[in-house]
Amino acid sequence: EMSEMSERSKQNVAHGLAWSYYVGYLKIVLPRMKKSMEEFSRANPNLLACRKTWKLHILVPLSCEVYDELEKADSNIQYLADLTETTLARAGTKKRVYKHSLYTIRDEENQLWHCAVEYATPLQSLYAMSQDECAAFSREERLEQAKLFYRTLEEILKGSKECADAYQLIAYEEPEAAETHFLSREIVWHLRQEHHEEIAVLEGNPHTPSTALDSAELNLQISVSDLPQPLRTDGF
């Protein structure tokens with residue numbers, strides 16, 4: 001009975017996607033991130049000076065709209081290079097390749113930032129389901145599923161020792177009025193926090209700045225209203 005209720009309310013969709021994304025992808029690639037970033041940094045010492053940014057920055061747009069090319073989402077984001085590939089035999093596929101791309105991100109002061117960044121690919125499935133008559137996802141249901149996906153993934157990763165300090169989730173909701181460089185500002189905001197965190201540690205102050213979004217905020221959003229809510233109030 002509980003299974004049927006969950007299926008009718010579609011609550012199992014985002015939960016399953018989050019676990020699949022973790023077990024089938026993040027748990028494989030994240031433990032190798034630091035080594036890949038270190039290899040790139042040795043060859044390009046001026047680009048990745050801040051070790052706190054040596055992680056995979058995972059974009060979680062609550063609209064579920066994912067661009068195949070980040071440059072099309074924001075012209076201030078430009079492809080730089082690929083990190084070293086990881087090749088594994090996986091589910092019958094010989095020499096399956098896993099790799100990540102580094103990007104150069106220009107901020108509003110024309111300062112350049114560099115990081116590995118990509119979308120959470122399961123969001124493409126949620127978006128496709130909302131466009132498919134068989135799945136019958138409304139826009140509101142898709143938004144709730146995206147929030148649930150984020151909350152579930154966040155909790156999974158928090159409990160994963162293998163993935164500790166190798167990722168940064170960046171959840172956001174784009175403003176109703178189009179902003180050309182909204183995405184680059186979101187990413188740079190997180191990169192700045194990581195830089196501040198490294199400086200604090202070097203100075204002997206282990207305080208970690210708060211990030212843009214956490215589960216408590218999402219819980220409040222879902223319980224208060226089905227309509228999109230602002231995720232952050234820091235001026236961006």
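Two strands count as paired here if DSSP finds at least two bridges between them. The model shown in every view is predicted.

**View 1. The parallel pair E1 and E7.**
Strand E1 covers residues 56–61. Strand E7 covers residues 167–172. Six bridges join E1 to E7, and the two run parallel. Within this pair, Leu59 stands opposite Ile170 of E7. Helix H6 lies across both E1 and E7. H6 runs at about 165 degrees to E7.

**View 2. The open, five-stranded sheet.**
The strand order is E2-E5-E6-E1-E7, and the pairing is mixed. E2 (77–82) and E7 stand at the edges. Each of these edge strands has a single partner, so one side of each is left without a neighbour in the sheet. From one strand to the next, the twist averages 40 degrees.

**View 3. Strand E6 and its partners E1 and E5.**
E6 spans residues 112–119, and seven of its eight residues are buried. The strand is therefore largely enclosed by the rest of the structure. E6 pairs with E1 in the parallel sense, over four bridges. Ile58 has Glu118 in E6 as its bridge partner. E6 also pairs with E5 (residues 101–106), in the antiparallel sense and over five bridges. In this pairing, Arg106 has Leu112 of E6 as its bridge partner.

**View 4. Two hairpins, E3 with E4 and E5 with E6.**
E3 (residues 86–90) and E4 (residues 93–98) run antiparallel and are joined by four bridges. Leu88 stands opposite Arg96 in E4. Two residues lie between the strands of this hairpin, and Ala91 takes a positive phi near 50 degrees. The hairpin of E5 and E6 has five residues between its strands. There, Asn110 takes a positive phi near 65 degrees.

**View 5. Positive phi at Lys95 and Asp165.**
Most residues other than glycine have a negative phi. Lys95 has a positive phi, near 50 degrees. Lys95 lies in strand E4. Its relative accessible area is 68%, so Lys95 counts as exposed. Asp165 also has a positive phi, near 60 degrees. Asp165 sits in the loop between H6 and E7. With a relative accessible area of 37%, Asp165 is partly exposed.

Cys163 belongs to the loop between H6 and E7. Setting aside neighbours within four places in sequence, Cys163 is in contact with Tyr22, Leu26, Lys27, Leu30, Pro31 and Leu157. Cys163 and Lys55 are 108 residues apart in sequence. In space they are 9.7 Å apart, C-alpha to C-alpha.

**View 6. The buried face of helix H5.**
H5 runs over residues 122–131. Pro122, Leu123, Leu126 and Ser130 of this helix are buried. Down the axis of H5, the buried residues fall within an arc of 110 degrees, so they line one face of the helix. An α-helix has 3.6 residues a turn, so residues three or four places apart point the same way.

**View 7. The packing of H5 against H6.**
H6 spans residues 139–158. H5 and H6 pack at an angle of about 160 degrees, with axes 10 Å apart. Angles over 145 degrees count as roughly antiparallel. H5 and H6 are therefore roughly antiparallel to each other. Their crossing is right-handed. On the H5 side, the contact is made by Pro122, Leu123, Leu126, Tyr127, Ser130 and Gln131. On the H6 side, it is made by Arg142, Gln145, Ala146 and Phe149.

Of the 236 residues in the protein, 47% are buried. Take the contacts between residues at least 6 apart in sequence: 68% of them join residues at least 24 apart.

Methods
Residues numbered from 1 in each chain as written. Predicted model: local features only at pLDDT ≥ 70, side-chain atom pairs only at ≥ 80, totals over all residues. Heavy atoms only, no water. Buried < 20%, exposed > 50% of the residue type's maximum accessible area, 1.4 Å probe, protein only. Arc of directions from axis to C-beta. Axes fitted to C-alpha atoms, helices over the stretch in contact; angles between N-to-C directions. Parallel < 35°, antiparallel > 145°, perpendicular 65-115°, else oblique. Left-handed = near helix turned anticlockwise from the far one by under 90°. Contact = heavy atoms within 4.5 Å.
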